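Biologist: I am new to this structure. Please take one part of it and look at that part closely.

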Amino acid sequence: MIYVNDKKVEFLENETVKELLKRMKYTFPNIVVKINGNLVKRSDFSETIVPDKSKISAIHMISGG
Amino acid sequence: MNNKKNETLRKKLINSSVGIAGAGGLGSNVAISLVRTGIGRLVIVDFDTVEESNLNRQYYFKNQVGKLKVDALKENILRINPKIKIDVFNERLVKGTMHKYFKDVDVIVEALDNAETKTSFIEEVMDKLTEIPIVSASGVTGYGNIDRIKSINMGNLHMIYDKNAKDSDKDILTAPKVALIANWQANIILEILLGEDI
């Protein structure tokens with residue numbers, strides 16, 4: 001089991017951040033992702049594996065400021 | 001007002017510094033709120049000029065239209081506190097060097113407009129200035145729906161977030177919501193600088 005934005009989500013072996021975001025239907029291009037407190041850059045999404053029991057925050061950045 | 005407590009707050013803040021990336025709706029309002037509270041030093045970076053259309057939410061005045069935002073904001077800040085230390089940079093933040101203006105501040109505010117730039121700025125600051133807390137905001141458009149807005153604390157990254165807001169090119173920007181989120185950012189900055197109680 002992993003936690004995405006405090007929601008329980010099934011753990012999948014060898015799943016990358018990119019694949020997880022796709023599974024969660026987070027389709028926005030600009031997302032800030034932290035796994036267990038550590039930032040994962042967008043350029044590392046397709047290489048970073050999500051470990052079991054991870055706590056993941058995924059915040060999409062919306063234009064306007 | 002508890003004068004003793006207020007004195008403690010002023011003393012702590014006079015020795016504190018905040019860096020602000022972007023002097024639009026968020027950045028200009030954060031700056032004004034912080035100068036009123038007694039922050040000692042501000043570093044502000046923006047490339048833009050004040051436009052008529054900014055006056056519905058950004059802390060500028062009609063006679064400042066056409067001026068550089070950093071100059072106009074500095075002018076407004078000094079009208080509140082002429083003693084504040086303030087460094088302004090009329091520069092566009094470019095990937096790779098975005099963080100360089102903010103190396104010696106206590107807290108950094110992400111007050112940028114474009115979603116891609118916002119994300120790049122967070123990635124770069126968190127990578128290069130690992131010890132400095134960053135206070136960001138995502139979803140400032142529209143009005144109302146206040147119970148939808150959340151403050152999320154992710155270690156050194158603090159985010160004010162309205163996940164249902166639309167991008168600014170698809171919605172309106174209003175003074176109440178923009179200033180509310182800017183002041184929410186300023187409120188978190190106080191918490192970071194002062195701790196829970198003084």
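Modeller: Start with a pair of residues: Val18 of chain B stands opposite Val107 of chain B, which lies in strand β4 of that chain. Residues are numbered from 1 along each chain as its sequence is written, and chains are lettered from A, with ligands numbered from 1, in the order in which they are written. The model is predicted, and local features need pLDDT of at least 70, side-chain atom pairs count only at pLDDT 80 or more, and totals for chains, interfaces and linings use all residues.

Strand β4(B) covers residues 107-110; strands (E, at least two residues) are DSSP runs, numbered from the N terminus. Strand β1 of chain B, residues 17-21, pairs with β4(B) in the parallel sense over four bridges. Two strands pair if DSSP finds at least two bridges between them. Strand β5 of chain B, residues 134-138, also runs parallel to β4(B), and two bridges join them. Here Ile108(B) stands opposite Ile134(B) of β5(B).

What covers the description of β4(B) is its two faces. Val107(B) and Val109(B) are on one side, Ile108(B) and Glu110(B) are on the other, and all are buried. A residue is buried if 20 or more other C-beta atoms lie within 10 Å of its own, with C-beta atoms placed from the backbone.

To sum up the strand's partners, β4(B) is joined to β1(B) by four bridges and to β5(B) by two.

Note on methods
Buried ≥ 20, exposed ≤ 12 C-beta atoms within 10 Å, placed from the backbone.
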